[in-house]
Amino acid sequence: EWDRWLLMGVIGTAVGMLGFLTHQIIDSLIKLKWDLVEKYLQVSKRKTWSMDAHVVICFSIGQDGNIHMTWLCALGAGLAMVVLSSSSVLFFCPAGSPSGLPEIIGYLNGTSIQHLFNIKTFLGTFVSCVLAVASGLFCGPEGPMIHLGALLGCGLSQLQSDTLGIHLPIFTRFRNSADKRSFITAGAGAGIASVFRAPIGGLLFTLEEVSSFWDIRLAWQTFFCCLMATFTTDLLSSSLYGFVYRGHFGLFEAEKRIIFWNLLDVNVLAFVPTIVLGMLGGLLGALFVSLNIKINKLRMQFFNSIPKLFLRKTSKLLETILILTIVLMSCVSPHLFLCVAAAALLLENGKQGITYLFKRGTHEEFGYTSLCTALAFYFILSCWTAGSAVASGLVIPMLYTGALYGRIIGLILVSIFGIQTNEYGAWIDPGLFAAIGAASFFSGVSRLTISLTVIMVSVLS
């Protein structure tokens, strides 16, 4: 079995490198976009809050700033990215649209899907994913990373490609459907492990959501693959940031991964709002899924009514452009109505925005108006984005939406009981309930329980 373990390690390492590369490119594109916008933007830096020398700067448009030119510049940069993103899955690799996760689950359960594991699908999905996330759409890279991990698991285990004309004469004993499924399963788990730095979460995700064929040997090998993916992503991230070497190779900084630096004692009374958040997550999750199904049905009916294939694909491309335009309008609109905090939440990269919402000790940082405004826009637009013609994931939108209404519940408790400084009441913290709300909405939409709990613990502690 040494060769099987060797391949699992190679797949995990490759997925970890891909996860690192994906995040680096996304961060670089986002920085490039806002560098272009900045020349039209008079930046007034406002220190919003500080924790352990970590200062968050909110950008607001000054009185002399040209908000219309700022919006047009942001729209132009975003449109360029979203057009390329949508075109790559519509015209280059249709099998890469939209997230790939349902297709992977279908394949592992016996459904044959054409072109799901070829090199064109890999390249198209990767390009579409990084451009869609960087463009400003309310989406994340998690779903495509699972698909890309499965693609690497398939390609590296089979070592053959009809597209490239490659058929290497090694590891030929794995060229059968059963072993192929095992490596695809491990690659998918490594993809989720690389995103969340959670190897156990990746293992449990494949067990709970992805694979229907399971045994203890596959469990250990998948876990090893997830470990290698997490280690590789952390190792590369320790030395490079934005493709710039920082001289800290091998130093795994806790602040880069851990959102809560200190633990709080939780009173039994905290379970009352937690239960409320759980019920709210189930109700809003069901509403989200139901609304998304109706949107996708209307989408299919509309596009199927267009007879010509080229016009149908062009219409799908125009839909993604429309979504991005409305997303950017939703980011600017709250600012026009003096709700700068809501505009800042919507303009932020999803991952960074979640970090803001999860922070403890920031009881009065975001008010009811900003949180409710951001929640309304984010819920509707992320629901519309899911299923559009870009390679994108739903995990970041789910965590963000749940964190918004979780923080609202936390604010309600602060309004009732006040800011508590003693140990007995320290659990009344909007950041704590933002994390619980994120988990509740994630679970309400995805129906995941065990693996979600492990992933959230890995992220937060």
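A quick note on the model: it is predicted, with local features needing pLDDT of at least 70 and side-chain atom pairs pLDDT 80 or more, while totals for chains, interfaces and linings use all residues. Numbering starts from 1 along each chain, and side-chain values use heavy atoms, with hydrogens and water left out.

H6 also packs with H3, and that crossing is left-handed. Here are both pairs:

| Helix pair | Angle | Axis distance |
|---|---|---|
| H6 (residues 177-196) and H3 (residues 101-108) | about 150 degrees | 10 Å |
| H6 and H8 (residues 216-239) | about 40 degrees | 8 Å |

The angle in the H3 row makes H3 roughly antiparallel to H6 (over 145 degrees, on a scale from 0 to 180 between N-to-C directions). Ile-104, Tyr-107 and Leu-108 of H3 meet Lys-180, Arg-181, Ile-184 and Thr-185 of H6. That set splits into 4 nonpolar, 1 polar and 2 charged.

Back in H8, take Thr-232. Thr-232 is buried, at 8% relative accessible area (buried means under 20%, with a 1.4 Å probe and protein chains only). Setting aside neighbours within four places in sequence, Thr-232 is in contact with Thr-13, Gly-16 and Met-17.

Notes
Helices (H or I, at least four residues) and strands (E, at least two) are DSSP runs, numbered from the N terminus. Angles under 35 degrees count as roughly parallel, over 145 as roughly antiparallel, 65 to 115 as roughly perpendicular and the rest as oblique. A crossing is left-handed if the near helix is turned anticlockwise from the far one by less than a right angle, and right-handed if clockwise. Contact means heavy atoms within 4.5 Å. Ala, Val, Leu, Ile, Met, Phe, Trp, Tyr, Cys and Pro count as nonpolar, Asp, Glu, Lys and Arg as charged, and the others, Gly among them, as polar. Buried means under 20% relative accessible area, exposed over 50%, partly exposed in between (1.4 Å probe, protein chains only).
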